[in-house]
Amino acid sequence: MSKIKQSLFTPVILALGLHSAAIIAYQLVLMQLISNMQGYHFAYMIISIAMLGFGASGTFIALFRKRLISASQWLVPSLMSSSGMFMLVSFKLVRLPVFQLDIYLMFVETSQLYVLAASYLIYFLPFFLGALAIGILFIKYPGEIGRYYFSNLLGSGIGGILVVILLSNLFALHSLPLVASLSIAAAIIAFNKNKQRIQVFILLFSIATVTFSIFKPGSLPLSEYKGLSGTLNLPDAEIIYEEPDVHGKIQVVQSPALRYAPALSLTFSGEVPVKKHVFINAEPVGTIPQYDTTRRNIHDFTTEALPYILAPREKVLILKSGTGSAAAHALQNEAKKISAITEVEGIKELLISSFAKENNFMAHQPGIDIIYNDSRQFLLSSGNHNFDAIILPRLESFGGSTGINALQEDYALTLEAFQLMWDHLSANGVIAITTWIDYPSRTTLKIASTLVETLKNNGVTQTKDHLAAIKSWGTISFIISKKPLSTNEITNVRSFCRNMLFDPVLLPDISEKERNLFNQIEDESLFTYLDAIVKNDHQNILSDYDFHIEPATDDKPYFSRFMRFSNIPKLRDTFGAETMPFLELGYLIVWITLFQSSLLAFILIILPLFKLKKSRGSLTPTLLYFGALGLGYMFAEIIFIQRFILYFGHPVYAISAVISTMMIASGAGSLYSGKLKNPIKASGAGTIAVAFLLILYALFFTNILTSTIHLPQIVKIILAFIMLSVPSFFMGIPFPSGIRILNVSNEKHIPWAWGINGCLSVIATSFATLVAVENGFRTVMLFAAGFYLLAFFIFFGRKFFSQTGL
């Protein structure tokens with residue numbers, strides 16, 4: 001023990017930091033791998049699984065405490081190397097056909113729930129083994145918990161930073177063996193002379209596993225519902241280009257049957273072009289545009305031509321421009337200045353270099369600027385630049401989507417984003433957006449309510465005079481205009497619709513008979529709802545409609561979320577249980593994850609603790625205190641991640657920044673708490689400080705982010721570090737202080753403290769997401785503050801102190 005006190009950087013502490021970095025890096029790499037195989041909606045499940053591993057390890061330690069401590073010298077390095085090995089073995093197992101999950105069948109076949117549970121447990125193994133190594137060190141040196149906790153959290157923070165570097169240069173599948181190697185390296189550093197044969201055997205087996213995974217990484221089995229899966233089924237389809245990107249795996253596919261005809265007019269008589277399609281994480285993001293000045297752009301035969309039919313557009317801004325098809329369309333409609341914002345750096349490189357010849361050097365044409373930036377950040381940083389047209393990407397998909405992106409934040413489609421677009425319009429400018437027509441109507445009505453609300457927020461009372469919409473057999477396009485539509489513009493719309501066999505849907509003088517002339521829809525209630533929205537007589541419609549069609553906001557930026565929890569029974573009766581996942585899969589998956597993770601947390605964490613001998617004193621304050629800390633910390637972490645997606649523009653950057661900073665700062669707080677002589681005062685001060693800061697953040701945090709989002713990236717990183725570090729530092733104090741208190745007053749309560757903290761941390765991941773969806777980010781932040789206040793008041797409950805020392 002004296003040697004440990006002499007230095008913070010003993011081999012064991014260094015190994016702990018390196019191993020902790022591996023655990024966090026594995027978690028983040030796994031999130032991208034699962035996003036590639038199944039979709040973004042499963043990403044938060046990995047955080048829940050990681051918490052389950054840590055919670056279950058705490059329970060295991062409680063049951064076998066003495067044995068684990070006595071064997072710790074050789075067991076800790078063995079567990080570290082085993083964790084690294086199972087990072088690779090587990091991911092190999094879940095790719096076997098028997099564990100392939102069909103997320104749509106989950107709602108009609110119970111067997112898929114078992115597959116999900118099995119996958120959950122397989123992913124759980126490396127986290128459990130890794131957390132067990134960490135936990136053994138914590139209980140072996142309770143008096144030095146501050147320094148060990150600091151090494152754990154500092155290493156975790158470094159792991160978050162490391163992931164950004166890895167994923168920027170390597171495919172996620174190729175990054176996995178490198179991440180696993182960190183835990184194996186930690187085991188080598190912590191190698192002990194006791195039981196050397198066991199340690200060497202596990203190390204050699206782990207090294208062999210890493211070596212095999214480097215040279216034989218295998219492939220990613222994609223869900224059959226991923227866009228890339230269907231595309232590769234076409235004749236002679238092949239992937240001709242692959243490139244890693246921090247945003248995901250970029251792939252380009254070609255096939256002679258891969259044609260591009262986005263709801264073309266039935267009057268189109270030309271040849272539908274064959275185009276190469278681009279995918280990120282196996283989901284389509286667009287086609288390689290074929291810029292050709294000798295013929296009309298194919299989008300001139302779609303409803304997306306609407307902004308150019310109204311009037312010429314010299315300056316055009318294209319948000320979330322994808323692969324540049326809308327930029328080519330603007331260029332061929334004689335736009336003089338085009339700013340196309342792509343949110344993936346690899347896509348920009350693809351257009352200006354790898355496939356420049358393929359697109360006839362479109363990105364090199366005078367007046368066009370392909371800009372790598374987040375769309376929302378560009379709007380906030382573009383100063384006084386005004387545009388004649390701001391074009392948003394086509395939403396949904398042919399035949400309607402499954403709501404798989406229901407819980408994906410989209411800050412380019414919130415009311416605040418549309419306000420920024422409005423502020424950047426020229427006097428004759430328009431905002432244009434297109435969607436595939438869905439049934440039952442959701443996206444169409446949400447677009448209309450968002451556009452009308454934007455007009456109202458800018459003092460427009462006669463909203464119908466500023467709004468136009470036209471539909472084809474597959475899509476509907478909307479525009480809102482800075483000025484009232486002129487007679488000439490209205491005439492142009494009607495003439496275009498007549499020539500293309502399209503139907504006007506919204507015009508200042510629209511008539512019923514012209515709305516359903518060429519492309520009839522069976523359910524004409526769409527027009528009734530649209531009229532009510534445009535006439536500002538829509539408050540009851542917005543609240544009473546079966547789906548959530550209120551505009552998205554920065555507090556609830558889930559534009560693709562439509563399902564109301566209260567209406568699920570009604571929708572199930574109306575459309576049938578087998579149809580439910582096709583209405584809104586992402587939202588339902590989170591509920592399933594919450595239920596399953598709660599059940600597994602109870603079975604693996606709480607239930608085994610009942611085997612412990614009954615301890616003196618009431619468990620209630622221990623459970624409430626440490627449970628509140630688990631909920632509060634995870635609620636804050638989840639909401640910080642979601643807020644910083646707006647700030648940094650992408651989940652990978654946000655997750656890495658938040659986890660890294662929170663871990664490092666919390667580690668510093670933990671280290672500092674070990675220097676405080678009175679852990680009772682430290683715990684009370686820490687909880688009240690966190691609660692106070694989180695209340696302030698709930699009130700002012702978003703305003704601070706939006707007012708500084710335009711600053712250079714390095715400045716934003718510094719500001720983010722400061723904003724996250726201050727509350728996170730104090731978050732690192734209450735937990736180790738509470739453990740120190742129990743170590744003196746009632747040591748047998750420590751397993752329960754670890755268990756309830758881990759259990760509720762597992763549940764909090766999905767629970768916080770659902771609270772954010774239903775009530776907004778500010779509410780989640782206030783919940784987090786409330787949990788820390790609960791811990792504070794439990795701390796000052798004198799009745800409980802007399803029983804447990806808390």
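Strand 6 (residues 337-342) and strand 7 (residues 368-372) run parallel and are joined by five bridges, where strands count as a pair if DSSP finds at least two bridges between them. Both helices (H or I, at least four residues) and strands (E, at least two) are DSSP runs, numbered from the N terminus. The model is predicted, so local features need pLDDT of at least 70 and side-chain atom pairs count only at pLDDT 80 or more, while totals for chains, interfaces and linings use all residues. Residues are numbered from 1 along each chain as its sequence is written, and side-chain values use heavy atoms, with hydrogens and water left out.

Within this pair, A340 has I370 of strand 7 as its bridge partner. Together with helix 13 (residues 345-354), strand 6 and strand 7 make a right-handed β-α-β unit; right-handed here means that, with the strands pointing away from the viewer, the path from the first strand over the helix to the second runs clockwise.

The loop between helix 13 and strand 7 holds N360, which has a positive phi of about 60° although it is not a glycine. With a relative accessible area of 39%, N360 is partly exposed, a class that lies between buried (under 20% relative accessible area) and exposed (over 50%), as computed with a 1.4 Å probe on protein chains only. A263 also has a positive phi, of about 55°, without being a glycine, and it is found in the loop between strand 2 (250-254) and strand 3 (277-280). A263 counts as buried because its relative accessibility is 0%.

Another backbone feature is the cis peptide bond that joins Y439 and P440, with an omega of about -5°. P440 has its place in the loop between strand 9 (425-436) and helix 16 (443-457).

Helix 24 (residues 651-673) is mostly covered, with 18 of its 23 residues buried. At 1.5 Å a residue, these 23 residues should span 33 Å, and the end C-alpha atoms are 32 Å apart, which agrees; the expected span is 1.5 Å times one less than the number of residues.
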